[in-house]
Amino acid sequence: MLKLTGISKGFTGVQALSSINFDVRAGEIHALIGENGAGKSTTIKIIAGAFKPDAGQVEFDGKEVHWSRPADAKAAGIHVVYQEFVLFPHLTVAENIFLGHERRGAFGLIDHARTRKDAAALLHKLGVDIDPDKLVSELTVADQQMVEISKALVHKVKLLILDEPTAVISGREADLLFARLSALKAEGVAIVYVSHRLEEIFQIADRVTVFKDGQHVITADIGGVNRNRLISYMVGRDLRDIFPVKRKAPPSDKIALKAQNISVNGRVRNAGIELRAGEITALAGMVGAGRTELAMGIFGGLPISSGSIMIEGERMDRMTPALAIKKGVGFVTEDRKRQGLAMQLDVAANISAADLSAVTSRGLIDRQRENDIARQEIDTYRIACRGPATPVATMSGGNQQKVVVARWARTGGKVLILDEPTRGVDVGAKTEIYRIMRALADKGIAILMISSELPEVVGMADRVVVMREGLISGELEGAAITEEAILSLATQHPTQEVK
């Protein structure tokens with residue numbers, strides 16, 4: 001269906017691709033993997049007509065093609081679902097799905113009833129229950145992802161490219177997506193699947209291709225490789241265990257934070273959790289279980305309707321983000337680009353953003369002081385950038401995440417909440433973030449990690465608290481932390497009673 005031969009592409013001072021070869025067959029799922037900067041995104045944009053290669057040949061459906069614009073590739077049957085959503089938040093779900101391809105009736109007027117009906121049919125085909133009349137701004141991130149995928153299914157698809165489609169979904173939503181991809185594959189659709197989650201690759205892919213530093217490393221049948229071998233190809237070194245050694249000392253008796261009988265906005269009911277100094281506690285469960293809502297309630301980002309929070313023994317009946325920060329609690333959001341970073345500002349400004357008092361003199365920001373702090377954090381967290389003045393928008397996802405962690409680690413000297421800390425970053429960056437987390441815990445910070453990746457939970461957590469349907473369903477510690485045990489608690493009836 002698709003064949004790239006000898007493709008090269010360079011930008012000012014950077015050679016993004018060097019004579020790469022890549023092909024996708026009709027009726028197969030072909031995984032494309034590699035660290036950030038490996039050339040995956042450039043390849044996708046060449047296939048989609050957004051970039052023109054400097055050299056090489058692109059063949060699609062048996063013919064050599066030279067796309068002038070993305071619309072040409074789309075008209076030929078190539079559709080890309082990018083990791084960064086292209087949605088209009090103040091339009092409805094149905095309007096977003098059919099934007100540019102509106103359903104029209106008499107006199108060319110938009111047929112809103114037909115638009116809603118067709119949108120509902122597409123969503124049903126994906127196995128999700130989303131109101132077509134709902135504004136996109138009111139949807140969860142996971143539901144927004146499903147709207148993006150629905151947009152691609154509006155047209156006749158020959159080649160579907162998905163860039164990190166499960167970065168914001170897991171559990172049932174991911175299983176439904178995989179089922180839909182299997183159905184498209186059975187219909188003869190060629191699928192390119194880009195993901196950092198290697199467990200997904202082995203679950204759904206037929207073949208896998210690894211890129212590194214703009215070059216093709218290997219293409220293999222999925223049955224002919226294993227996880228460690230793929231990691232070795234991606235990072236250029238043997239990486240048998242990406243997780244740091246867990247603490248060997250017994251857990252601290254010091255309770256850094258204790259939340260009791262927390263209820264949040266109908267999504268969390270009477271939940272309780274203790275965070276110990278120097279310990280990494282994972283909050284696990286399916287998407288929609290209430291994990292983020294509980295964490296936001298603890299931080300003050302969402303109002304709690306009942307319950308109390310104690311920070312090192314001091315009771316807080318009403319929490320706000322400002323109070324949480326004052327008491328030494330930091331929060332790394334799951335959506336770093338929209339909620340975690342000021343994308344138009346530089347590294348220094350982003351690192352100091354949560355504690356401006358440290359860089360303010362007589363009401364003015366001391367840029368020298370701000371830059372000195374940034375240089376220190378750049379060195380501590382091994383942030384790859386040109387210096388404090390580097391715009392964060394130009395950095396890789398992994399380095400952007402390090403900037404957010406650096407900011408909140410400075411502020412959260414007692415408790416650090418990390419919501420999906422390795423979402424959308426490559427294996428090498430994950431390893432660095434894991435190292436940072438363990439180092440912070442070793443300094444005595446209590447870490448609460450929300451993660452949808454079970455290997456990450458098992459590999460990092462000293463203790464796991466599992467949620468289901470807004471309630472705590474159980475807790476695991478030490479050798480009892482296994483993927484099977486977590487899944488069992490995530491799918492069984494919670495143990496807490498609703499009051």
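This passage describes the overall build of the chain and then turns to its salt bridges.

The structure is a predicted model. Its chain holds 17 helices and 22 strands. The radius of gyration is 24 Å, close to the 23 Å given by the globule rule for 499 residues, so the chain is as compact as a globular protein of that length. Along the principal axes, the C-alpha trace spans about 70 × 50 × 50 Å. Of the 499 residues, 53% count as buried. Contacts that reach across the sequence can be followed as well: of those between residues at least 6 apart, 66% join residues at least 24 apart. The chain exposes about 21,500 Å², and carbon and sulfur atoms supply 50% of that area.

Charge is the next topic. The chain carries 63 positive and 61 negative side chains, and the centres of these two sets lie 2 Å apart. Side chains of opposite charge can pair when their charged atoms come close. A search of the whole structure finds 33 salt bridges, and a few of them are worth a visit in the viewer.

Lys-151 is partly exposed, at a relative accessible area of 21%, whereas Glu-148, at 5%, counts as buried.

A second pair is formed by Arg-197 and Glu-200, whose side chains meet in a salt bridge with an N to O distance of 3.7 Å. Here Arg-197 is buried, with a relative accessible area of 8%, and Glu-200 is buried as well, at 5%.

The closest N and O atoms of Glu-312 and Lys-414 are 3.4 Å apart. Glu-312 is partly exposed, with a relative accessible area of 35%, and Lys-414 is also partly exposed, at 30%.

Salt bridges can also be linked to one another through shared partners. In this way Arg-276, Glu-279, Arg-463, Glu-475 and Glu-477 are joined into one network.

Technical notes:
Residues numbered from 1 in each chain as written. Predicted model: local features only at pLDDT ≥ 70, side-chain atom pairs only at ≥ 80, totals over all residues. Heavy atoms only, no water. Helix = DSSP H or I, 4+ residues; strand = E, 2+ residues; numbered from the N terminus. Rg over C-alpha atoms; globule rule 2.2 N^0.38 Å. Buried < 20%, exposed > 50% of the residue type's maximum accessible area, 1.4 Å probe, protein only. Contact = heavy atoms within 4.5 Å. Areas by Shrake-Rupley, 256 points an atom, 1.4 Å probe, with all protein chains shown as cover. Lys, Arg positive; Asp, Glu negative; His and termini not counted. Charge placed at Lys NZ, Arg CZ, Asp CG, Glu CD. Salt bridge = Lys/Arg side-chain N within 4 Å of Asp/Glu carboxyl O.
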